[in-house]
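Welcome! Please take a moment to look over the sequence and the 3D structure, and then let us walk through them together.

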Amino acid sequence: MSATRVIGVDLGGTKVLAGVVDADGKVHQTVERPTVTTSQQALLDELAETVQELPRDGVVAVGFGIPSRIDHVRGLALGAVNIPIRDVPFATEMERRLGLRVEMENDASCAAYAEFKLGAGRGTRDLLVLTLGTGVGGGVVSSGRLFRAYTELGHMVIVEDGEPCQGACSGRGHVEAYCSGTAAGKLAKRLLGPDADAHTLVEQDHPALSEIGHHLGVAIGSLVNVFGSTRVVIGGGFGIAAFDRLVPAARTAVLREALAPSGQTLEIVRAELGGEAGLVGAGLIALEGS
Ligand SMILES: [Zn+2]
């Protein structure tokens, strides 16, 4: 086994999770800190300090998964909803602080790549990953390669002029407004009262989950028509908890929306890697130096 190691970092809205990742994608040591959101400068400094808490033996690069659209041509992190990142040459800034090669990618793409290489996406060439949590994130692997574009799959329109989207997004009818845990929580309150949340729907096996599953299936069907995905991995806190209740309605919608025979043959499976997927994927991307 190669002694080459990297550090993978998953920058989330509330916490930073960093760990040493070896050439097989195994995580050896992790450190977690709350995310500093006071300023961009403070956040970048904190990320560097977090990385410096980990052992550097054999470490050749650092990979960051960040909740931002990435401009790979100009090397910019363009902007995030909940953290102070905007038009910043993120990799250059971090290389200056750390003295190591730095790679960056959207956090959901990192998680998708980890599932592709080591988790529920193994053995496919055309994979779609959708994480249903606070928001909806996603990643695409096409012909065996991570599709390194915005891939903001949660902001795809599935209902024209539909429900307003979340956070800083001005759109309407986006996947996130219907299929996120946050959207499910809002729906639960509307149907069951102020004490209910997304988990109440799951506990009660509530029929509203079929509606959410239908929206999810419409989104998946459209994405399959674009990317020719043969498997979709569903992750995220809400996605995992509600998986069995979402999939039957999702499958029916996929059968209608996806062009034959993709709908019939598409596999819909649970994510396998859990909370470390983003960190591992960021590490894998750093290892490959792509
Ligand atoms: Zn949106």
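## A walk through the model

Leaving aside neighbours within four places in sequence, T50 is in contact with V16, A18, V31 and R33; contact means heavy atoms within 4.5 Å. T50 sits in helix α1. Helices (H or I, at least four residues) and strands (E, at least two) are DSSP runs, numbered from the N terminus. Is T50 buried or exposed? T50 is buried, with a relative accessible area of 0%. Here buried means under 20% relative accessible area, exposed means over 50%, and partly exposed is in between (1.4 Å probe, protein chains only).

Before going on, please note that this is a predicted model, in which local features need pLDDT of at least 70 and side-chain atom pairs count only at pLDDT 80 or more, while totals for chains, interfaces and linings use all residues. Residues are numbered from 1 along each chain as its sequence is written, and side-chain values use heavy atoms, with hydrogens and water left out.

### The zinc site

Which residues hold the zinc ion? The zinc ion is coordinated by H155 (ND1), C165 (SG), C169 (SG) and H174 (ND1), at 2.0 to 2.3 Å. Donors are N, O and S atoms within 2.8 Å of the metal (3.2 Å for Na, K and Ca); water is not among the atoms, so sites may look incomplete. The angles among the 4 donor atoms run from 101 to 115 degrees, and the site is tetrahedral. Along the sequence, the donor residues follow the spacing H-x9-C-x3-C-x4-H. H155 and H174 are 19 residues apart, each in the loop between β11 (145-146) and α4 (176-179). H155 is partly exposed, with a relative accessible area of 25%, whereas H174 is buried, at 9%.

### Salt bridges

Side chains of opposite charge can pair when their charged atoms come close. A salt bridge is counted when a side-chain nitrogen of Lys or Arg is within 4 Å of a carboxyl oxygen of Asp or Glu. By this rule the count is 15 salt bridges. Three of them are listed here.

| Pair | Closest N and O atoms |
|---|---|
| R33 and E49 | 3.3 Å |
| D71 and R74 | 2.9 Å |
| R270 and D244 | 3.2 Å |

R270 lies in strand β13 (residues 267-270) and D244 in helix α9 (residues 243-257), so this pair ties together parts that are 26 residues apart in sequence. R270 is partly exposed at 35% relative accessibility, and D244 is exposed at 51%.

### Helix α5 and the cores

Helix α5 (residues 181-192) has 12 residues and spans 16 Å from its first C-alpha to its last, close to the 16 Å expected at 1.5 Å a residue. That expected span is 1.5 Å times one less than the number of residues. In α5, G181, A183, A184, G185, L187 and A188 are buried. Their cover includes α4, α6 (198-203), α7 (208-227) and α8 (237-241). Just after α5, G193 has a positive phi of about 110 degrees.

A nonpolar core is a set of buried Ala, Val, Leu, Ile, Met, Phe, Trp, Tyr and Cys residues joined through side-chain atoms within 4.5 Å. The largest one has 40 residues, of which I212, I220, I234 and F238 touch the most other members. Helix α7 gives the most to this core, with 9 residues. Not counting residues up to four places away in sequence, I212 touches Y178, C179, A184, L187, L201, F238 and L246. Another core, of 30 residues, lies apart from it, and among its members are V20, V59, A77 and L100.

Most residues other than glycine have a negative phi, and most peptide bonds are trans. The peptide bond from A260 to P261 is cis, with omega near 5 degrees. S143 is not a glycine, yet has a positive phi of about 50 degrees. T151, also not a glycine, has a positive phi of about 40 degrees. T151 is buried, with a relative accessible area of 9%, while S143 is partly exposed at 42%.

Note on methods: Tetrahedral: all angles 85-135°; square planar, octahedral: opposite > 155°, others 65-115°.
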